Amino acid sequence: MQKESRCTETVMAENERLRRQIDELQGLEARCQRAETALAAIETRNQLLSDAAPLGIFTIDAQGRVTGINRRGQALLGPLMDGDPRSANLFDDASMGNAGLTEDLQHCMTLRRPITVEHSHADRQGNGFWLRYYLSPAPTQDGAIDGVMAIVEDATDLKRTEEALRDSEKRYRQLFQSAPIALIEWDVSQLKAHLDLLRASGVTDFDDYLTQHPDAIRHCWELIKTVDYNQAFLELMGIADRAGPKGAFLPTHADDFVKMAREVILVTADGNTAVEREASIVTTSGERKIVLGKSLAVSGHEETLARVAIALLDISQRKRAEAALRESERRFREQAFRDGLTGLYNQRYLYGSLATWAERAKANGTPLSLIFMDLDHFKRIVDTHGHLNGSRAIQKVAQTINRCLAEPAYAVAYAGDEFVVVLPGMNAQAALAKAQEIRSTMNTTAYELEKGVVVQLRASFGIATFPEDASDLKRLIAAADQALFAIKGAGKNAIGQYRSA
């Protein structure tokens, strides 16, 4: 009985062990099924992602056989190959070999590092296009290389754009060099970066900053580099060497340089390079020229300012012509108010300017005096020495009067041998002193009218002052004339002041 009991226990223990092993196997099988399901799901998602990718993706083994390729990859490579790209061998494909891709794939595995290549292809209809390949070696767990994973994209539009840009750049350079206007191209990117750093450090007012740090102007200017210039620029600046400038080369007078450099820096800080201004420059020969400068960032470089084109138009001749015209207009206006014989102001100027001075005197409460003058015995001079010497006598007296005056006082050739002296700000006493000065100078001067003809010239004077002697311009002139008339009637060669009746 004991033996049978032990056998039974042994069988039961073995059955229990077998049951546990079966349970473990069933659990392992369930886990394997779950792992296979998850792996299948991952592979499905990966395939979906791969097929949805905008770029072509394919893998090959060490012998060049395609081991995987997504839909985009099939669309890109399919037109180049005779067979189905999903089962192709790229090492044996003639089109891939002719394009150079076979060599690149082998090179990637040999170098054991990623490489990027571009190749031109043509489909069966002869349509050309460009593909760009990003090739990466595929290592095994032990480090061996057993293939390549490639990402491929259609680079046709990019290549065409690059070619168009090169053509555009070539045309731009041809126009740049052949332009009759002086052109220089700067790289202002370093200056812009420097100003951006200053702004980041807290500088907000660059105008004030340059005022506080004048040495910064030259430092900033040295950050500008010359990219290119044309022959017209060299001729404008008088530069014989085609090697030309390297920095922001524009030789100018020191004061002009500081002003111009400051403006360039502030324009760069503002970010608006589309600027037009006049500038004064000095050529290598020392000639000063006035130029109209227009600057503009070259298209595509608006953010970095790596290329800014400046056109310089020499307007020196035009500016000289404008200055000559202004001077001519000034002389014309001056002549319109000047007496042709004496060079003194005429009656037209007298009445216009006297009204202005009267208004000022009234507004400011200041005096305004007039002196009326008339040469004594002038007819005797003419009768004795002729009309020409009479005119010379008037000219000589006009010069004497002018030498006795200082602005704002001025003299007027009123009529024939009559003169009016306008004395803004002078009261009656000051006007009397001025009349005495003119009379004394005349009385002590021997006037030589022509060689051998020397005469003494005398004059009578009448003085009136605003507002004491007259309340308006018309009465002031009449008062001075009345004072003169009284002196002429009393014996001449004297000074009379207006006395109201």
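**View 1. Strands β9 and β10 pair in the antiparallel sense over 7 bridges.** Strands here are DSSP E runs of at least two residues, helices are H or I runs of at least four residues, and both are numbered from the N terminus. Two strands pair if DSSP finds at least two bridges between them. The bridge partner of A297 is V308 in β10. The model is predicted: local features need pLDDT of at least 70, side-chain atom pairs count only at pLDDT 80 or more, and totals for chains, interfaces and linings use all residues. Residues are numbered from 1 along each chain as its sequence is written, and side-chain values use heavy atoms, with hydrogens and water left out.

**View 2. Strands β8 and β9 form a hairpin with 5 residues between them.** The turn includes G286, which has a positive phi of about 90 degrees. β8 and β9 (residues 288-297) run antiparallel and are joined by 8 bridges. Opposite V275 stands S295 in β9, and opposite R277 stands G293 in β9.

**View 3. An open sheet of 5 strands has the order β7-β6-β10-β9-β8.** The pairing in this sheet is antiparallel. β7 (225-229) and β8 (275-282) are the edge strands, each pairing on one side only. On average, neighbouring strands are turned by 30 degrees against each other, direction ignored. Axes are lines fitted to C-alpha atoms, for helices over the stretch in contact, and angles run from 0 to 180 degrees between N-to-C directions.

**View 4. Helix α11 (residues 316-336) lies across β8, β9 and β10 (308-314).** Helix α11 runs at about 125 degrees to β9. Contact means heavy atoms within 4.5 Å.

**View 5. Helix α8 (residues 215-222) has the buried residues A216, I217, C220 and W221.** They lie on the same side of α8 because they cover an arc of only 135 degrees around the axis. The arc is that of the directions from the helix axis to the C-beta atoms. Buried means under 20% relative accessible area, exposed over 50% and partly exposed in between, with a 1.4 Å probe and protein chains only.

**View 6. D104, in helix α4 (residues 101-111), is buried yet has no salt bridge.** A salt bridge is a side-chain nitrogen of Lys or Arg within 4 Å of a carboxyl oxygen of Asp or Glu. The nearest side chain of opposite charge is R113, 10 Å away. Lys and Arg count as positive, Asp and Glu as negative, and His and the chain ends are not counted. Leaving aside neighbours within four places in sequence, D104 is in contact with I115, V117, H119 and L135.
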